[in-house]
Amino acid sequence: MTKLTPVLSAHWDEKDSFTIEAYTRHGGYAAAKKALAMDPDAVIQLVKDSGLRGRGGAGFPTGMKWGFIPQGDDKDHYLVVNADESEPGTCKDMPLLMANPHVLIEGCIIACHAIRAKHAFIYIRGEVTHIVRRLNQAIEDAYKAGHLGKGIDVVLHVGAGAYICGEETALLDSLEGFRGQPRLRPPFPAIAGLYARPTVVNNVESISSVPAIIANGAEWYQAMGTEKSKGATLYSLSGHVNNPGQFEAPLGITLREILELSGGIRTGHTLKFWTPGGSSTPIFTSEHLDVPLDYEGVSAAGSMLGTKALQIFDETTCVVRAVLRWTEFYKHESCGKCTPCREGTWWLVQLLRDLEDGKGTEADLAKLLDLCDNILGRSFCALGDGATSPITSSIKYFRDEYIAHITNGGCPFDPVASTLFVGAGA
Amino acid sequence: MTTEVVDMITVVIDGFEVNVPKGTLVIRAAEQLGIQIPRFCDHPLLDPVGACRQCLVDIEINGRAFPKPQASCTIPVEPGMIVKTQLTSPVAEKAQRGVMELLLINHPLDCPVCDKGGECPLQNQAMSNGQGETRFEGVKRTFQKPINISSQVLLDRERCVLCARCTRFSEQIASDPFITLNERGALQQVGIYENKPFESYFSGNAVQICPVGALTGASYRFRARPFDLVSTPSACEHCASGCDMRTDVRRGKTLRRLAGDDASVNEEWNCDKGRWAFKYVTAIDRLTTPLVRNASGELVAASWPEALAAAAKGLKSAKAAVLVGGRATYEDAYGYSKFARVALGTNDIDFRSRLSSNEEREFLAAHVVGSTTRYTDIDRADHVLLVGFEPEEESPIVFLRLNKQVRKRALKVTAIATKLSIGVEKLNGEFVKVAPGQEAAAISSQSLTGKSVILVGERAAESAGVLSAVAALANSSSAKIAWIPRRAGERGALEAGAIGNLLPGGRPVADAAARVDIAAVWGADSLPTENGKNSNEIYAAVNAGEIGALLVGGVDPLDGDNSQSALAALEKAFVVSLEIAPSAVTQRADVVLPVAAITEKSGSFLNWEGRARSFDAAVADSLNRSDLRILSMIAEEIGASVNLATVTSAIKEIASLGKWDGARVAMNKVSATSQPAVSGDQFILTSWRRLLDMGTLQKGEDNLAGTSRKTVAVISPKRAQALGVADGDQLKISTPLGYVNLSALVEDIHDDAIWAPRNSRGSQLLINLGVAHGAVVTVVKA
């Protein structure tokens, strides 16, 4: 039985966990001091050795990404932290920043040192005002304490609320003051990123994982996780469960184990479907309860680990309805740059609405799948691909339920049954 | 010429090998094989964007296949690349069909009323790469339509496929980023900034490259169907850039003009004046019959034989001179040049119907005629010096070429001028600020190399010593000189010898061997030997009674700073006027002969490079005759042989002259005049003509005029403070002749100077003030 391994979340239950005092009390900023005394290349090697992979969804080895930055090129380098957490279901970075913003700042110092950058930019979504305030306070405290401002500066940039700005090149455009739309690659950010300078773009959790790796060593980190997915990570459990929240565990833990550790599915109900990594990852069902939740395991089972956002839906949920909601999100958030995503999501929503309303036909189902085929892999960035995942995967596992909407002339579910307030006299 | 070594790469596309230069995009390598991959956002002159996804193809490199189809407009060829387009890959074919279907779901089915219908890339490619039936049964996105993004460009947003060609053109080519994409998803749309319309001199190109009917020109909208138009390749008559054009005519009337493709000159662009100023041909009251002044002094309609006889008689009976405007075609100018020498026996001829000087005439003979500086010299230059020349206003394609090099390789541009212009700012140019008239010293202090180019405008003639300084700088540095006049015909007229010191082909009048060359071809016993008078001297000679007759073609006497003298001379002399419409000249003429407008005849212009820009008659059935033909007829009446009945005969004769390989006319150095002292309310006036202004050829184009720049008078912050003037306050600029009231704009200009547009609404300086550059004017807050 896998156990929880709180590292990032070790002290979240302390009242003052977000303060610099609490962070220092638990040994905070010692890793930065250690790293600054090391050769930058040694820091990169250590992170490479640890096996840390990007926690933003794609799982690219972090140390390798740092190693792409050309050295001795007499150019400014930048570290950009992607804190534009916007995917439906994804909710790890915001709680992390709420509870322990200093671990990110310390991670920034180490990463900047490693890639020879003087500036780190944290791009945070604009809706989370309370976290913006907390992070601003933490940055101010870090300056006061002398951790920042001595060769490394951190700037917090607040986005204006666009999902696309979580895409790294759109984020860079937005950070530069342009509309957030993905850039053509190459050139990749490592060569020409922010202001056309070599830039590393990392997720909040990736950078926050670095101080512990520096402090405890690569071997300590490697000891956790599976063969190719090392370390521990935050699994965000939400939906029809008794005890939603963040569960930090080694990579490779299964949903069955997490549910057991956390208190299980909403009492009296059974698991129907779930996402392993947010709404853009193909859904799983109860047959996937024992899939190891690491990069390879989830991929082998036909989905993606993504952001480890485990959204749990029990048998009261209409899958068509859930998928429509997600699709409406993608239509709303499509940046408009490329045809398949822009026009495709516009059309998908209309088809799904008709299906949910019982106005669809079986031919529409075929059309829907063909449309997804014309969007997946044809779009400019991954947004369009992600928009098709819930649709194709839900038809794969729940085709009968789509058909039921058609034969029933509407949705066979009582929408109230899936709500949290069911039975509360509503 | 050095040939650049280019690495070549061989790739296989649909089973065929093609060898293309390194860096070639897959989509263009396919074109080499005749394989047309459908596309919308792709444009060979814009940076790749990969937005529309229409050009998806399957690609593998050395056996490794991309997991999904790739946009062929963004991927350069690589060794070992195998490409399968829609022709050989079912995956690519389906991907393209899928994207096409998606592009059409929100596109209105209004092709029957859309201007683009019949020449629409979306329509065409929907037929070639799409499917006949849509599977979309939902609700289309709609917008209010159309919206004006300027007075001349309309936007139908629901037709837009969001390819971003227009916005990329405006940003990357014109450096006028006045339109952008805004909103997102399917509601993304092209838009302008608040209260900032799309007032770019190049906005028409955005309309032309729009692959759907989303952007339309206000003056063409709903006027015609493309398949009802007869298209003729033509050349632009508006300036010396030399744009290749296409003129579209329906039933004898020009309905629109488009930029033509000529990679060596205008690439695929032109300016809005060239595109949208053509109605003058029909907007003005054209002269239709010859007119002869009768015994009671009235101009009355006459038959051609009657008029030709009267013209011949008048020109023969007194010493005569020739004035030909800068807009004559090369062949017509040659006709005037030959006519002056053969029929009138004089070298008194001048094409410079503007401010000019004898220093300029010598400069043209010594450094310009026959010169071969080209656009490619700008492409390769290490440094470009602008003297008396505002490229954006006075030769817009030169501006675009400079801008391209500035963007591509940070070409260094230096402008010697009194005021920093918008155009020079866009070129990121170095601004060497001088007082009007004091340019020469600044030129002399420039250091150039043999790879540098000096672009000299016609306004360089307005300050004494400038052209002498340019010549000296070019001699000492081996930099190339390019003389860029505003008018389309001036270089041709220079080469044709329509000037007092030169015969055709740059042959000096004063050179006996040169005269023999020409006399032999012309079959003349001898040619006049003395250098002729310039236009100011000709007017003065008429007023002094030394010249009694004038042959005038396409001249506006108000274009100079001697308009009083010019008008008096025209009143006094026997005047034969060749014109398309009534003018200040025809009013005073004794014989008026109507001639063909540019669209009604064939011919050519020599652009500033000296490159021939030939065109055919766009309106096929015009009965109007060219100047050349009429000059031949008058000559016959006089009893001389000009014998150029057709443009072809002129072209043949010019070709038979060959090039002059003798010595050039030497240039006498002229020194700058000293700077007048100004104080208090005195300023030195400077000005230039804006691209869009009160020019005769822009008559009747209200939509175009709507995008002209605001008429302002520019003064420096220091002088503004002294006058107590802020932006927007009225300034009264006066000379003994008159005054103008203009809105003040405080900008980067020499403290001694005030700038105003030379010929804009409310600011026609030569008419209102009688001066345009270098003169002291009085300025007070109005």
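**Close-up views of a two-chain predicted model**

**View 1. Helices α2(B) and α3(B) meet at an angle in chain B.** The axes of helix α2 (residues 90-105) of chain B and helix α3 (residues 121-129) of chain B come within 10 Å and cross at roughly 140°. Axes here are lines fitted to C-alpha atoms, for helices over the stretch in contact, with angles running from 0 to 180 degrees between N-to-C directions. The angle therefore makes α2(B) oblique to α3(B); angles under 35 degrees count as roughly parallel, over 145 as roughly antiparallel, 65 to 115 as roughly perpendicular and the rest as oblique. The crossing of the pair α2(B) and α3(B) is left-handed, a label used if the near helix is turned anticlockwise from the far one by less than a right angle, with right-handed kept for clockwise. On α2(B) the contact is made by Q96(B), R97(B), M100(B), L103(B) and L104(B), and on α3(B) by L122(B), Q125(B), A126(B) and N129(B). Two residues are in contact if their C-beta atoms, placed from the backbone, lie within 7 Å. By class, the residues of this contact divide into 5 nonpolar, 3 polar and 1 charged (Ala, Val, Leu, Ile, Met, Phe, Trp, Tyr, Cys and Pro count as nonpolar, Asp, Glu, Lys and Arg as charged, and the others, Gly among them, as polar).

A word on reading the views: this is a predicted model, in which local features need pLDDT of at least 70 and side-chain atom pairs count only at pLDDT 80 or more, while totals for chains, interfaces and linings use all residues. Residues are numbered from 1 along each chain as its sequence is written, with chains lettered from A and ligands numbered from 1 in the order in which they are written.

**View 2. Helices α14(A) and α17(A) pack against one another in chain A.** The axes of α14(A) and helix α17 (residues 382-408) of chain A come within 9 Å and cross at roughly 160°, which means that α14(A) is roughly antiparallel to α17(A). Here too the crossing is left-handed. From α14(A), look for V319(A), V320(A), V323(A), W326(A), T327(A) and Y330(A); from α17(A), the partners include L383(A), G386(A), P390(A), F398(A) and H405(A). The contact of α14(A) with α17(A) has 11 nonpolar, 4 polar and 1 charged residues.

**View 3. Chain A touches chain B.** In this view, 22 residues of chain A are in contact with 27 residues of chain B. On the chain A side, α14 (319-333), α15 (339-356) and α16 (362-375) each give two or more residues, and α15(A) gives the most, with 9 residues. That side of chain A has 7 nonpolar, 9 polar and 6 charged residues.

**View 4. Each chain can be set beside the globule rule.** Chain A holds 17 helices and 9 strands, and chain B 26 helices and 38 strands; helices (H or I, at least four residues) and strands (E, at least two) are DSSP runs, numbered from the N terminus. With 426 residues, chain A has a radius of gyration of 22 Å, which agrees with the value near 22 Å for a compact globule. Chain B, with 782 residues, has 28 Å, in agreement with a globule value near 28 Å. The radius is taken over C-alpha atoms, and the rule is 2.2 Å times the number of residues to the power 0.38.
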